[in-house]
Amino acid sequence: MRIKLGEEEQSFEYGATVQDILKGFSNEHTKGAVCCKINNKLIDLKKSIKRSCTIEIITKKSPEYIDILKHSASHILEQAVKTVFPTVKCWRASANKIGFYCDFDFKSPITFEDLSVIEDEMDKIIKAHFEITRKEMHRDEAIEIMKEANEPFKIELIESFSDKKKIILYSQGDFVEICSGPHIKSTDQIKHFKLTRFTGSYLKDNKFGIDKKLLTRIYGVVFEKKSELDDFMKVYLEKKKRFRKNFIK
Ligand SMILES: [Zn+2]
């Protein structure tokens, strides 16, 4: 297959991963790549490519990078919650405009103080420098892995997919999540984050036929620079204070 990158074009073996493909191009084109874009879709460096295409490099300076950070932070949140609350059941980890979030089914309600315990655990995961790996597999294998992880909502989700659909699982340490990516290379690429709040959230996904159930959604924010996090938190806490004042009036 033929892969184009900038002005360069090279031949590669069918199924080569993006990171192997990048090694075939000159360093000036691939320097600082954190992931790629193919046909306007973000693609992980670990994904294998199965047809000729044009690759666009995404670096830390690309506007897309923050979305990859947010999404990766949501997996770290989920892993941390599973460590702190081993009986929790998780739904999906995701990113939104402001930051990231994940829905959980806790045995008993959490408190605001729990957020700082979870943050400390997230810090440990970040400092552990876990490599983030991607694996495609058959539905049945993914179901077995989710059974071991004790994640019934995810088993239900995977069971709702067609038997022919390849399931993608991302892992870091002993944590595993169903996800199409892309993600950063390792957990330590997350530097500046904060959990902000939690709310009730209904698990209701008609598309997957999953029942309505009240879960707890934990929200957080992540930034590339510490100053961005500090600026965000200053405005956020100010808004929160004003809201409380008005509420008490
Ligand atoms: Zn993900």
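User: What pLDDT does the protein chain average, and what share of the residues score at least 70?

Analyst: The protein chain averages a pLDDT of 90, and 95% of the residues score at least 70. Here pLDDT is the predictor's confidence in each residue, from 0 to 100. This is a predicted model, in which local features need pLDDT of at least 70, side-chain atom pairs count only at pLDDT 80 or more, and totals for chains, interfaces and linings use all residues. Residues are numbered from 1 along each chain as its sequence is written.

User: Where in the protein chain is confidence lowest, and where is it highest?

Analyst: Confidence is lowest in helix α2 (residues 27-30), with a mean of 82, and highest in helix α4 (residues 112-127), at 97. Helices (H or I, at least four residues) and strands (E, at least two) are DSSP runs, numbered from the N terminus. Where pLDDT is low, the predicted coordinates should not be read in detail.

User: Why is α3 called largely enclosed by the rest of the structure?

Analyst: A residue is buried if 20 or more other C-beta atoms lie within 10 Å of its own, exposed if 12 or fewer, and partly exposed in between, with C-beta atoms placed from the backbone. In α3, 15 of the 20 residues are buried, so the helix is largely enclosed by the rest of the structure.

User: Why are α3 and α4 called roughly perpendicular?

Analyst: They pack at an angle of about 115°, with their axes 8 Å apart. Axes are lines fitted to C-alpha atoms, for helices over the stretch in contact, and angles run from 0 to 180 degrees between N-to-C directions. Angles under 35 degrees count as roughly parallel, over 145 as roughly antiparallel, 65 to 115 as roughly perpendicular and the rest as oblique. α3 and α4 are therefore roughly perpendicular to each other. Among the residues making the contact are I76, L77 and A80 of α3 and V117, I118 and M122 of α4.

User: What makes α5 roughly antiparallel to α6?

Analyst: The two helices pack at an angle of about 170°, with their axes 9 Å apart. That makes α5 roughly antiparallel to α6. The contact is made by R139, A142, I143, M146 and K147 of α5 and K154, I155, I158 and E159 of α6.

User: Why is N39 called exposed and N150 partly exposed?

Analyst: N39 has 8 other C-beta atoms within 10 Å, so it is exposed. N150 has 14 other C-beta atoms within 10 Å, so it is partly exposed. N39 is found in the loop between β3 (35-38) and β4 (41-43), and N150 in the loop between α5 (139-148) and α6 (152-159). Neither is a glycine, but N39 has a positive phi of about 50° and N150 one of about 60°.

User: Which peptide bond is cis, and what is its omega?

Analyst: The cis peptide bond joins G181 and P182, with omega about 0°. P182 lies in the loop between β10 (175-178) and β11 (192-205).

Methods
Two residues are in contact if their C-beta atoms, placed from the backbone, lie within 7 Å.
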